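Student: I have a new structure to look at. Please show me how to read its features, one at a time.

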Amino acid sequence: MARANPFDRFARFYDWEHDQYLVDVDLHVGFARRFGGPVLELACGSGRLLAPLARAGFAVTGVDSSGPMLERARTRLAAEGLQATLIQQRLESLHVDGVFRSILIGLDSFALLIRREDQLAALRAARAHASHDGRLVLDLANGNLRGASEPPEELLHDLTMPDPETGRPITKFALRRPRPSEQSDELMFFYDEQDERGYLRRSMVELKLRWFTRFELELLLQAAGWRADEVYGNYDLEEFGPNSDRLIVVATPAASG
Ligand SMILES: C[S@@+](CC[C@H](N)C(=O)[O-])C[C@H]1O[C@@H](n2cnc3c(N)ncnc32)[C@H](O)[C@@H]1O
(Lines give C-alpha, C1' and ligand atoms only; values in the text may rest on other atoms or scores of the structure.)
Protein backbone atom coordinates (compact mmCIF):
# COMPACT_ATOMS: atom_id res chain seq x y z
CA MET A 1 0.00 0.00 0.00
CA ALA A 2 1.30 3.45 -0.87
CA ARG A 3 2.51 5.38 2.18
CA ALA A 4 0.87 8.77 2.70
CA ASN A 5 3.13 11.73 2.04
CA PRO A 6 2.24 14.65 4.37
CA PHE A 7 3.53 17.06 1.73
CA ASP A 8 0.51 16.20 -0.41
CA ARG A 9 -1.59 18.10 2.11
CA PHE A 10 0.62 21.07 2.76
CA ALA A 11 2.18 21.88 -0.61
CA ARG A 12 0.50 25.30 -0.59
CA PHE A 13 1.71 26.09 2.95
CA TYR A 14 5.20 24.81 2.13
CA ASP A 15 5.51 27.33 -0.68
CA TRP A 16 3.92 30.10 1.39
CA GLU A 17 6.70 29.58 3.93
CA HIS A 18 9.65 28.65 1.71
CA ASP A 19 9.33 30.67 -1.49
CA GLN A 20 11.48 33.37 0.09
CA TYR A 21 13.82 30.89 1.76
CA LEU A 22 16.84 31.37 -0.46
CA VAL A 23 19.84 30.85 1.84
CA ASP A 24 20.75 27.49 0.31
CA VAL A 25 20.24 28.38 -3.36
CA ASP A 26 23.79 29.60 -4.04
CA LEU A 27 25.15 26.51 -2.32
CA HIS A 28 23.41 24.12 -4.70
CA VAL A 29 23.97 26.21 -7.82
CA GLY A 30 27.63 26.48 -6.75
CA PHE A 31 27.95 22.71 -6.33
CA ALA A 32 26.30 22.14 -9.71
CA ARG A 33 28.79 24.59 -11.29
CA ARG A 34 31.66 22.74 -9.63
CA PHE A 35 30.56 19.18 -10.43
CA GLY A 36 28.67 19.86 -13.66
CA GLY A 37 25.38 18.74 -15.15
CA PRO A 38 23.17 17.00 -15.70
CA VAL A 39 21.69 17.65 -12.27
CA LEU A 40 19.33 15.31 -10.44
CA GLU A 41 17.50 16.79 -7.49
CA LEU A 42 16.00 14.14 -5.25
CA ALA A 43 12.94 15.20 -3.21
CA CYS A 44 12.72 18.31 -5.39
CA GLY A 45 9.28 19.22 -4.05
CA SER A 46 7.75 22.33 -5.57
CA GLY A 47 10.91 23.27 -7.45
CA ARG A 48 12.32 25.91 -5.09
CA LEU A 49 15.86 24.74 -5.98
CA LEU A 50 15.10 23.30 -9.43
CA ALA A 51 14.12 26.70 -10.81
CA PRO A 52 17.41 28.48 -10.02
CA LEU A 53 19.34 25.42 -11.23
CA ALA A 54 17.46 25.45 -14.53
CA ARG A 55 17.88 29.24 -14.72
CA ALA A 56 21.64 28.75 -14.33
CA GLY A 57 21.54 26.67 -17.52
CA PHE A 58 21.72 23.11 -16.17
CA ALA A 59 19.77 20.19 -17.57
CA VAL A 60 17.74 19.30 -14.46
CA THR A 61 15.66 16.33 -13.43
CA GLY A 62 13.57 16.49 -10.27
CA VAL A 63 12.15 13.49 -8.48
CA ASP A 64 9.56 13.62 -5.71
CA SER A 65 6.84 11.30 -4.46
CA SER A 66 4.25 14.05 -3.97
CA GLY A 67 1.97 14.81 -6.93
CA PRO A 68 0.80 18.16 -5.47
CA MET A 69 4.40 19.30 -4.83
CA LEU A 70 5.41 18.34 -8.40
CA GLU A 71 2.36 20.13 -9.77
CA ARG A 72 3.53 23.31 -8.08
CA ALA A 73 7.03 22.74 -9.49
CA ARG A 74 5.52 22.43 -12.96
CA THR A 75 3.65 25.72 -12.54
CA ARG A 76 6.72 27.48 -11.12
CA LEU A 77 8.97 26.37 -13.99
CA ALA A 78 6.38 27.12 -16.68
CA ALA A 79 5.87 30.66 -15.28
CA GLU A 80 9.52 31.35 -15.99
CA GLY A 81 9.69 29.38 -19.25
CA LEU A 82 12.20 26.98 -17.67
CA GLN A 83 12.68 23.36 -18.69
CA ALA A 84 13.03 20.43 -16.28
CA THR A 85 12.13 16.76 -16.27
CA LEU A 86 9.82 16.02 -13.34
CA ILE A 87 9.26 12.47 -12.20
CA GLN A 88 6.95 11.16 -9.48
CA GLN A 89 8.81 8.41 -7.67
CA ARG A 90 9.96 7.45 -4.21
CA LEU A 91 13.67 7.90 -3.56
CA GLU A 92 13.94 4.37 -2.18
CA SER A 93 13.00 2.89 -5.57
CA LEU A 94 14.42 5.59 -7.81
CA HIS A 95 14.76 4.55 -11.41
CA VAL A 96 15.18 7.23 -14.06
CA ASP A 97 16.98 7.33 -17.39
CA GLY A 98 20.58 8.48 -17.52
CA VAL A 99 23.37 9.23 -15.08
CA PHE A 100 24.09 12.53 -13.40
CA ARG A 101 27.16 14.50 -12.35
CA SER A 102 25.41 16.39 -9.57
CA ILE A 103 22.85 14.65 -7.37
CA LEU A 104 21.39 16.89 -4.70
CA ILE A 105 19.18 16.18 -1.70
CA GLY A 106 18.47 19.57 -0.14
CA LEU A 107 16.91 21.02 2.98
CA ASP A 108 16.57 18.06 5.35
CA SER A 109 14.70 15.96 2.80
CA PHE A 110 16.84 12.89 3.49
CA ALA A 111 15.70 13.17 7.12
CA LEU A 112 12.18 12.27 5.99
CA LEU A 113 13.46 8.72 5.51
CA ILE A 114 13.05 7.36 9.01
CA ARG A 115 14.02 3.72 8.56
CA ARG A 116 17.59 2.66 7.92
CA GLU A 117 16.54 0.36 5.10
CA ASP A 118 14.88 3.30 3.32
CA GLN A 119 17.93 5.52 3.86
CA LEU A 120 20.23 2.85 2.41
CA ALA A 121 17.87 2.07 -0.47
CA ALA A 122 17.73 5.76 -1.41
CA LEU A 123 21.52 6.19 -1.20
CA ARG A 124 22.10 3.02 -3.26
CA ALA A 125 19.58 4.14 -5.86
CA ALA A 126 21.28 7.55 -6.03
CA ARG A 127 24.63 5.76 -6.46
CA ALA A 128 23.23 3.83 -9.42
CA HIS A 129 22.38 7.15 -11.08
CA ALA A 130 25.77 8.81 -10.57
CA SER A 131 28.27 9.19 -13.39
CA HIS A 132 31.79 7.91 -12.63
CA ASP A 133 32.79 11.50 -11.76
CA GLY A 134 29.45 12.25 -10.10
CA ARG A 135 28.82 13.71 -6.65
CA LEU A 136 26.04 13.45 -4.11
CA VAL A 137 25.32 16.49 -1.94
CA LEU A 138 23.30 16.02 1.24
CA ASP A 139 22.13 19.01 3.26
CA LEU A 140 20.86 18.08 6.72
CA ALA A 141 20.42 19.68 10.12
CA ASN A 142 23.35 18.84 12.36
CA GLY A 143 22.36 16.09 14.78
CA ASN A 144 19.68 17.04 17.28
CA LEU A 145 20.34 20.78 17.03
CA ARG A 146 17.29 21.35 14.83
CA GLY A 147 15.00 23.73 16.70
CA ALA A 148 16.94 23.07 19.90
CA SER A 149 16.82 26.73 20.96
CA GLU A 150 13.02 26.52 21.26
CA PRO A 151 11.27 24.68 24.07
CA PRO A 152 9.96 21.26 23.05
CA GLU A 153 6.36 20.14 23.60
CA GLU A 154 5.04 23.70 23.37
CA LEU A 155 2.85 25.17 20.71
CA LEU A 156 4.81 28.19 19.52
CA HIS A 157 3.86 30.98 17.18
CA ASP A 158 6.19 30.59 14.24
CA LEU A 159 5.12 33.01 11.56
CA THR A 160 2.31 35.27 10.32
CA MET A 161 2.44 36.36 6.68
CA PRO A 162 -0.05 37.06 3.92
CA ASP A 163 -0.98 34.26 1.57
CA PRO A 164 0.28 35.47 -1.84
CA GLU A 165 -2.69 33.73 -3.47
CA THR A 166 -5.48 35.39 -1.43
CA GLY A 167 -3.74 38.30 0.30
CA ARG A 168 -5.22 37.13 3.62
CA PRO A 169 -2.87 36.36 6.52
CA ILE A 170 -1.87 32.84 7.45
CA THR A 171 -0.52 32.14 10.93
CA LYS A 172 1.64 29.11 11.59
CA PHE A 173 2.09 27.49 14.99
CA ALA A 174 4.58 24.69 15.50
CA LEU A 175 5.16 22.04 18.12
CA ARG A 176 8.29 19.89 18.30
CA ARG A 177 8.28 16.61 20.14
CA PRO A 178 11.80 15.16 20.40
CA ARG A 179 12.10 11.37 20.37
CA PRO A 180 15.74 11.09 21.47
CA SER A 181 15.89 7.31 21.58
CA GLU A 182 14.69 7.17 17.96
CA GLN A 183 16.91 10.05 16.84
CA SER A 184 13.88 11.82 15.52
CA ASP A 185 11.63 14.82 16.04
CA GLU A 186 7.89 14.74 15.54
CA LEU A 187 6.70 18.07 14.26
CA MET A 188 3.16 19.38 14.23
CA PHE A 189 2.35 22.44 12.21
CA PHE A 190 -0.94 24.32 12.44
CA TYR A 191 -1.90 26.86 9.79
CA ASP A 192 -4.72 29.25 10.67
CA GLU A 193 -6.40 31.40 8.07
CA GLN A 194 -9.76 33.04 7.46
CA ASP A 195 -11.79 31.88 4.50
CA GLU A 196 -13.53 34.35 2.19
CA ARG A 197 -16.52 34.51 4.58
CA GLY A 198 -14.29 35.27 7.57
CA TYR A 199 -14.50 31.82 9.16
CA LEU A 200 -11.35 30.45 10.75
CA ARG A 201 -9.86 27.45 8.97
CA ARG A 202 -7.15 25.44 10.66
CA SER A 203 -5.02 22.94 8.73
CA MET A 204 -2.74 20.56 10.54
CA VAL A 205 0.27 18.62 9.29
CA GLU A 206 2.44 16.11 11.10
CA LEU A 207 5.97 15.32 9.99
CA LYS A 208 8.65 13.13 11.41
CA LEU A 209 12.28 13.99 10.80
CA ARG A 210 15.22 11.76 11.61
CA TRP A 211 18.49 13.35 12.68
CA PHE A 212 21.96 12.10 11.89
CA THR A 213 25.39 12.49 13.34
CA ARG A 214 28.32 13.06 11.03
CA PHE A 215 29.84 9.61 11.43
CA GLU A 216 26.51 7.81 11.14
CA LEU A 217 25.90 9.58 7.85
CA GLU A 218 29.40 8.73 6.64
CA LEU A 219 28.81 5.06 7.47
CA LEU A 220 25.45 5.02 5.71
CA LEU A 221 27.09 6.53 2.64
CA GLN A 222 29.89 3.99 2.77
CA ALA A 223 27.42 1.10 3.03
CA ALA A 224 25.65 2.42 -0.05
CA GLY A 225 28.77 2.71 -2.22
CA TRP A 226 29.68 6.34 -1.54
CA ARG A 227 32.67 7.96 0.11
CA ALA A 228 32.09 11.17 2.08
CA ASP A 229 34.83 13.49 0.81
CA GLU A 230 33.80 16.87 2.15
CA VAL A 231 31.85 17.88 5.24
CA TYR A 232 30.71 21.45 5.90
CA GLY A 233 28.91 23.10 8.79
CA ASN A 234 26.90 25.87 7.14
CA TYR A 235 25.83 27.38 3.84
CA ASP A 236 29.04 29.44 3.69
CA LEU A 237 30.86 26.11 3.55
CA GLU A 238 32.72 26.70 6.78
CA GLU A 239 34.37 23.79 8.52
CA PHE A 240 32.01 21.34 10.25
CA GLY A 241 32.07 21.41 14.06
CA PRO A 242 29.91 20.06 16.88
CA ASN A 243 27.85 23.28 17.05
CA SER A 244 27.41 23.75 13.31
CA ASP A 245 23.87 24.48 12.12
CA ARG A 246 24.11 22.17 9.17
CA LEU A 247 25.68 18.88 8.23
CA ILE A 248 26.47 19.22 4.53
CA VAL A 249 28.23 16.25 2.97
CA VAL A 250 29.64 15.84 -0.52
CA ALA A 251 30.16 12.20 -1.48
CA THR A 252 31.93 10.53 -4.40
CA PRO A 253 31.17 7.07 -5.80
CA ALA A 254 33.43 4.63 -3.99
CA ALA A 255 35.67 2.58 -6.25
CA SER A 256 34.03 -0.74 -5.41
CA GLY A 257 30.49 0.63 -5.39
C1 LIG B 1 11.52 19.63 2.70
S2 LIG B 1 10.77 19.29 1.14
C3 LIG B 1 12.08 19.81 0.10
C4 LIG B 1 11.64 20.29 -1.24
C5 LIG B 1 12.73 20.98 -2.04
N6 LIG B 1 13.88 20.14 -2.23
C7 LIG B 1 13.16 22.28 -1.39
O8 LIG B 1 14.32 22.37 -1.00
O9 LIG B 1 12.32 23.18 -1.25
C10 LIG B 1 10.86 17.52 1.11
C11 LIG B 1 10.27 16.84 -0.10
O12 LIG B 1 10.56 15.44 0.02
C13 LIG B 1 9.51 14.71 -0.58
N14 LIG B 1 9.57 13.33 -0.11
C15 LIG B 1 9.38 12.88 1.15
N16 LIG B 1 9.58 11.56 1.22
C17 LIG B 1 9.92 11.16 -0.05
C18 LIG B 1 10.26 9.90 -0.63
N19 LIG B 1 10.32 8.80 0.11
N20 LIG B 1 10.54 9.87 -1.95
C21 LIG B 1 10.50 10.99 -2.71
N22 LIG B 1 10.19 12.21 -2.20
C23 LIG B 1 9.91 12.31 -0.89
C24 LIG B 1 8.27 15.48 -0.16
O25 LIG B 1 7.17 15.20 -1.00
C26 LIG B 1 8.76 16.92 -0.25
O27 LIG B 1 8.44 17.48 -1.49
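Tutor: We will go from domains to core, then to a helix, the ligand and some single residues.

Student: What should I know before starting?

Tutor: This is a predicted model, where local features need pLDDT of at least 70, side-chain atom pairs count only at pLDDT 80 or more, and totals for chains, interfaces and linings use all residues. Residues are numbered from 1 along each chain as its sequence is written.

Student: Into which domains is the protein divided?

Tutor: Domain bounds come from an automatic or database domain assignment. Here domain 1 covers 21-144 + 212-253, and domain 2 covers 146-210. Their C-alpha centres lie 25 Å apart. Domain 1 gives 8 residues to the contact and domain 2 gives 7 residues. Contact has a cut-off: two residues are in contact if their C-beta atoms, placed from the backbone, lie within 7 Å.

Student: How do the residues divide by class on the side of domain 1 that touches domain 2?

Tutor: Ala, Val, Leu, Ile, Met, Phe, Trp, Tyr, Cys and Pro count as nonpolar, Asp, Glu, Lys and Arg as charged, and the others, Gly among them, as polar. On that side of domain 1 there are 6 nonpolar, 1 polar and 1 charged residues.

Student: How many residues does the largest nonpolar core have?

Tutor: Start with burial. A residue is buried if 20 or more other C-beta atoms lie within 10 Å of its own, exposed if 12 or fewer, and partly exposed in between, with C-beta atoms placed from the backbone. A nonpolar core is a set of buried Ala, Val, Leu, Ile, Met, Phe, Trp, Tyr and Cys residues joined through C-beta atoms within 7 Å. The largest one here has 58 residues, and Leu 42 and Leu 50 have the most contacts inside it. Strand β5 (residues 130-141) gives the most to this core, with 6 residues. Helices (H or I, at least four residues) and strands (E, at least two) are DSSP runs, numbered from the N terminus.

Student: Which residues does Leu 42 touch?

Tutor: Residues up to four places away in sequence are not counted. The partners of Leu 42 are then Val 63, Leu 91, Ile 103, Leu 104, Ile 105 and Ala 126.

Student: Which residues of helix α6 are buried?

Tutor: First the general idea. An α-helix has 3.6 residues a turn, so residues three or four places apart point the same way. In α6 (residues 214-223), the buried residues include Leu 217, Leu 220 and Leu 221. They lie on the same side of α6 because they cover an arc of only 100° around the axis. That arc is taken from the directions from the helix axis to the C-beta atoms. Among the elements covering the buried residues of α6 are α5 (116-128), β10 (226-232) and β11 (246-253).

Student: How many residues surround the ligand?

Tutor: A residue counts as near a molecule if its C-beta atom, placed from the backbone, lies within 6 Å of it. By that rule 20 residues surround the ligand, and the closest are Phe 7, Ala 43, Gly 45, Arg 48 and Ser 66. The shell divides into 8 nonpolar, 7 polar and 5 charged residues.

Student: What joins Gly 37 and Pro 38?

Tutor: Most residues other than glycine have a negative phi, and most peptide bonds are trans. Gly 37 and Pro 38 are joined by a cis peptide bond, with omega about 0°. Pro 38 sits in the loop between α2 (25-35) and β1 (39-42).

Student: Where does Gln 183 lie?

Tutor: Gln 183 is in the loop between β7 (169-179) and β8 (184-194). Its phi is near 50°, a positive value in a residue other than glycine. Leu 237 also has a positive phi, about 60°, although it is not a glycine. Leu 237 lies in the loop between β10 and β11.

Student: Is Gly 134 buried or exposed?

Tutor: Gly 134 counts as buried because it has 22 C-beta neighbours inside 10 Å. Gly 134 belongs to strand β5. Gly 134 and Thr 252 are 118 residues apart in sequence, yet 6.5 Å apart in space, C-alpha to C-alpha.
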